[in-house]
Amino acid sequence: MATLGQIDVRPPKGVRPPIIGPGQTFGTVTDRIAGIVLTKHTPVFWILVVALCLAIFGMFNTAVGYLLFKGVGIWGINIPVGWGFAIVNFVWWIGIGHAGTLISAILLLFKQGWRTSINRFAEAMTIFAVMQAGLFPLLHTGRPWLAAYWLFPIPLTMGVWPQFRSPLIWDVFAVSTYFTVSFLFWGIGLIPDFANLRDSAKTLVVRRIYGMLAMGWRGSARHWNRYETAYMLLAGLATPLVLSVHSVVSLDFAVSVVPGWHTTFFPPYFVAGAIYSGFAMVLMLAIPFRYLYGMQDFITLRHLQNCGKLMLATGQIVAYSYAMEMFIGWYSNDRYELAMVNNRLHGPYSHYYYMLILCNILIPQSLWFNSIRSTPWRLFVVSVVVNTGMWLERFVIVVMSLQRDYIPTSWGMYWYTKWDMMIFVGTWGFFTLLFFIFIRVMPPISIFEMRSLLPQAKVKE
Amino acid sequence: MTAAPIYGLMAEFETPTELVHAAKGAYDAGYRKMDTYTPYPLEEAAEAIGAHHNRVSLIVLVGAMLGMIGGYALEYWVSVINYPINVGGKPFHSWPAFIPVTFECAVLGASLAAVFGMLALNGLPQPYHPVFNSPNFVRASRDRFFLCIESQDPRFSVSDTRKLLESFNPDEITEVPY
């Protein structure tokens, strides 16, 4: 049995680690995972992290308050770079949100049993990341309270409606649908676990709260039957959805005629990058979580290795996309596309581009080695590097294309301000805060799905 | 002596195999109003009690159609009828541009139908249910497998049904009061 803070022992060459530690029963699985939530002793590190996140969240609120008071002029955006940090961060966060649904839906349809122990918190990660993402376009409007009728088709006496030919409106529908469906997927998965917490709770108040959330779930065969159908259908629906969301985000760029944006291969390029950064974030959360809570029996080295492999695979697609981006720019023989290529390699922001190649292509090649994939701290470092690289990618796409378009007289530079930075860092704090609250009050690993993974869960003929 | 009416007889098993065996046996003996309670989805149990068909898929299809038609109709009404704006000479009814939102609305409608349809068919939220009166039933969400034959079944009789359940060697049989 794994204990708190245990260091992993790498299995001998040729042996794959199991997806669930040996010696587990229905009871031990339940107690270990439900114990994280039902314990009276809040861990010290939890209190410290939440305190730090609350401080960052306070900074975030200060920056947002000042932004709403003064307007978006406190940010570094101006003509020609009108999108800046807000859109860079929006695309970055929404990309991170993609791994959750990929793990819960696509890997479910492909019957990848190992997804079970990481799907719950990956879904939570998705929801919280999409929340952070959604903040940026809202704040970027400057007047979020008016954004309701700019973004959504709301009948008003003004008789004004959104422009449905614009990808920005497609984006509103894609992101809000994605948030809703991710939330439903997460919520439906939690119902049987809430029933378990209701039945294991030691105090009346806790039992009542989880009882209400469980909605009277009793594990009836008829209920499970409908539940499984609904769950599989949701997975089938979420699969094209997750591919559509970042495709639509990429159309925000591709439908315009800005050099460097106006390309048809943006949708798959963006989706691959999204999954890449999403798996990096899953690892950034899973590695400390399993270590701090002693969950090495449930999130084993096998899970980390598989996430590493998926990162490697999507990283190669991303590398190919970078190559094609430059190749097509050159091959088009269009002077503006050529200028864009030149600007990336030799322009004022070229160091961002070289950093991006280093972070997203060169360093992740280390994932070819089993010694990297099987050592949690090394995998953690690679994940941080990848997420940095993905942020740089969005910076390169957004800022470097906008700063120099067709007419040199309208070229300009972009400098972010401290308010940009405070809001960006603030969303990290907000995200981590939500995540830590989540692992304290809800089972971070799906208990009922873990039970069904056990060998004794099978009916013997 | 007239006994107080009971909801049914509940048998508790330690393994899924025993439960499925018992459920099959009870079904073969002619019982229909019964249910199994398991801590994780057990397809074999649903099949054993003849409950492996459901109408969730149909509801999801209806939800998807409604979402799709609703999304497209909204775009058409806004862009063609109520608020026509000439954008770069494009036709008011520029249907290719309407596809992404139509798709998202179809997925949204289908997903909402899947979750709320499933809950509605299951009769949830349900604040009270008699099976929770069974003393050991808290373990149905943990590590035990239950079969409950309900008193509503025409073949139900406390003594005969108990005898049948005993033949499956359960750990315990309890009467479930209303």
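## Two chains, one predicted model

Which domains does the domain assignment of chain B give? It gives domain 1 (7-39 + 143-177) and domain 2 (56-121), with bounds that come from an automatic or database domain assignment. The C-alpha centres of these two domains of chain B lie 47 Å apart.

A bit of housekeeping before we go on. This is a predicted model, in which local features need pLDDT of at least 70, side-chain atom pairs count only at pLDDT 80 or more, and totals for chains, interfaces and linings use all residues. Residues are numbered from 1 along each chain as its sequence is written, while chains are lettered from A and ligands numbered from 1 in the order in which they are written.

The score to know here is pLDDT, the predictor's confidence in each residue, from 0 to 100. Chain A has a mean of 90, and 98% of its residues reach 70 or more. Within chain A, confidence is lowest in helix 4, at a mean of 84, and highest in helix 2, at 95.

## Chain A as a whole

Chain A has 17 helices and 0 strands. Both words refer to DSSP runs numbered from the N terminus: helices are H or I with at least four residues, and strands are E with at least two. The C-alpha trace of chain A spans about 75 × 60 × 45 Å along its principal axes.

How does the radius of gyration fit a compact globule? For 461 residues, such a globule would be near 23 Å, and chain A has 23 Å, so the two agree. (The radius is taken over C-alpha atoms, and the globule rule is 2.2 Å times the number of residues to the power 0.38.)

Buried residues make up 49% of chain A. A residue is buried if 20 or more other C-beta atoms lie within 10 Å of its own, exposed if 12 or fewer, and partly exposed in between, with C-beta atoms placed from the backbone. Now for contacts, meaning two residues whose C-beta atoms, placed from the backbone, lie within 7 Å. Among the contacts in chain A between residues at least 6 apart in sequence, 81% join residues at least 24 apart.

Helix 16 of chain A (residues 418-441) has 24 residues and reaches 34 Å from its first C-alpha to its last, close to the 34 Å expected at 1.5 Å a residue. That expected span is 1.5 Å times one less than the number of residues. The buried residues of helix 16 include A:Trp419, A:Phe424, A:Phe430 and A:Phe435. Among the elements that cover the buried residues of helix 16 are helix 1 (26-38), helix 2 (44-70) and helix 10 (266-292) of chain A.

Helix 1 of chain A has 13 residues, which should span 18 Å, and its end C-alpha atoms are 17 Å apart, which agrees. Its buried residues include A:Phe26, A:Arg32 and A:Val37. Helix 16 turns up again here, with helix 7 (167-200) and helix 17 (447-453), in what covers the buried residues of helix 1.

## A closer look at single residues

A:Phe279 is found in helix 10 of chain A. Why does A:Phe279 count as buried? Because A:Phe279 has 30 C-beta neighbours inside 10 Å. Leaving out residues up to four places away in sequence, A:Phe279 touches A:Ala99, A:Cys307, A:Leu310 and A:Met311.

The peptide bond from A:Ile79 to A:Pro80 is cis, with omega near 5°, and A:Pro80 is in the loop between helix 2 and helix 3 of chain A. A:Met215 has a positive phi of about 60° although it is not a glycine, and A:Met215 is partly exposed, with 16 other C-beta atoms within 10 Å. A:Asn333, also not a glycine, has a positive phi near 60°, but A:Asn333 is exposed, with 8 other C-beta atoms within 10 Å.

## Where the chains meet

Back to chain B: 59 of its residues are in contact with 50 residues of chain A. Helix 4 of chain B gives the most to the side that touches chain A, with 15 residues. By class, that side of chain B has 37 nonpolar, 15 polar and 7 charged residues. Here Ala, Val, Leu, Ile, Met, Phe, Trp, Tyr, Cys and Pro count as nonpolar, Asp, Glu, Lys and Arg as charged, and the others, Gly among them, as polar.
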